[in-house]
Amino acid sequence: MPPHEKPHHPHGPLAALLFAAVFVLGMTAAKDPATRLSVKVGAQILSERALPRVEPFSYGAAGAPWTTHSWLADVVLAKLDSLGGQTVVAAWMSAVVAAAFALLLPLSYGNPLLAATLLFLGACA
């Protein structure tokens, strides 16, 4: 190894542990009502084959102009919901968030254990 390179710390096992911890944390916290709204919007997009132009779900703002900025995620969540229900949707969302946190670990400098701990605490926030 050339003298100017820093030694490589193996992040694989620590990243896997961080992924598992954040995944479990996400599965226990994936009861957000906004997720159900995303599933409903995605199902509407799939059934009508068009993006909604007006607010379809609100009592107070029904018919008001509306734009969904997360239409692709809504469609993916609706498809996952049709495949396995809320559990599959929660598992997908938890896996995506856990992967993001685990991928941040190799980017951190210094002590990998400290970085993993701080990333986990960030996921808990």
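**Close-ups of a predicted model**

View 1. Gln44 sits in helix α2. Setting aside neighbours within four places in sequence, Gln44 is in contact with Arg49, Pro52, Pro56 and Phe57.

**View 2. Trp66 in the loop between α2 and α3.** Here we move out of the helices to Trp66, which belongs to the loop joining α2 and α3. Trp66 counts as partly exposed because its relative accessibility is 23%. Who does Trp66 touch, not counting residues up to four places away in sequence? The list is Val41, Pro52, Arg53, Val54, Glu55 and Pro56. Pro52 and Pro56 also turned up in View 1, as contacts of Gln44. Leu51 is 15 residues away from Trp66 along the chain, and the C-alpha atoms of the two are 9.8 Å apart.

**View 3. A nonpolar patch on the surface.** Leu51 shows up again here, together with Trp71, Leu72, Val76, Trp92, Met93 and Val96. Together these residues make a nonpolar surface patch with about 620 Å² of accessible area. Two helices, α3 (71-84) and α4 (86-104), each supply at least two of the patch residues. Leu51 itself comes from the loop between α2 (33-48) and α3. Is Leu51 buried, partly exposed or exposed? Its relative accessibility is 35%, so Leu51 counts as partly exposed.

**View 4. The salt bridge between Asp81 and Arg36.** How many salt bridges does the structure hold? There is one, and it pairs the side chains of Asp81 and Arg36, at 3.3 Å from N to O. Asp81 is in helix α3 and Arg36 in helix α2, so the pair ties together parts that are 45 residues apart in sequence. Side chains of opposite charge can pair up when their charged atoms come close. Arg36 has 30% relative accessibility, so it counts as partly exposed.

**View 5. Where α1 crosses α4.** The axes of α1 (residues 12-28) and α4 come within 8 Å of each other and cross at roughly 145°. On the α1 side, the contact is made by Ala15, Leu18, Phe19, Val22, Phe23, Gly26 and Met27. The α4 side brings in a list of residues including Thr87, Ala90, Ala91, Ser94, Ala95 and Phe101. As for handedness, this crossing of α1 and α4 is right-handed.

Key:
Residues are numbered from 1 along each chain as its sequence is written. This is a predicted model: local features need pLDDT of at least 70, side-chain atom pairs count only at pLDDT 80 or more; totals for chains, interfaces and linings use all residues. Side-chain values use heavy atoms; hydrogens and water are left out. Patches are made of residues with over 30% relative accessible area and no salt bridge: like charges are joined within 9 Å, nonpolar side chains (Val, Leu, Ile, Met, Phe, Trp, Tyr) within 5 Å. Accessible areas come from the Shrake-Rupley method with a 1.4 Å probe; for residues, only the protein chains shown count as cover. A salt bridge is a side-chain nitrogen of Lys or Arg within 4 Å of a carboxyl oxygen of Asp or Glu. Helices (H or I, at least four residues) and strands (E, at least two) are DSSP runs, numbered from the N terminus. Buried means under 20% relative accessible area, exposed over 50%, partly exposed in between (1.4 Å probe, protein chains only). Axes are lines fitted to C-alpha atoms, for helices over the stretch in contact, and angles run from 0 to 180 degrees between N-to-C directions. A crossing is left-handed if the near helix is turned anticlockwise from the far one by less than a right angle, and right-handed if clockwise. Contact means heavy atoms within 4.5 Å.
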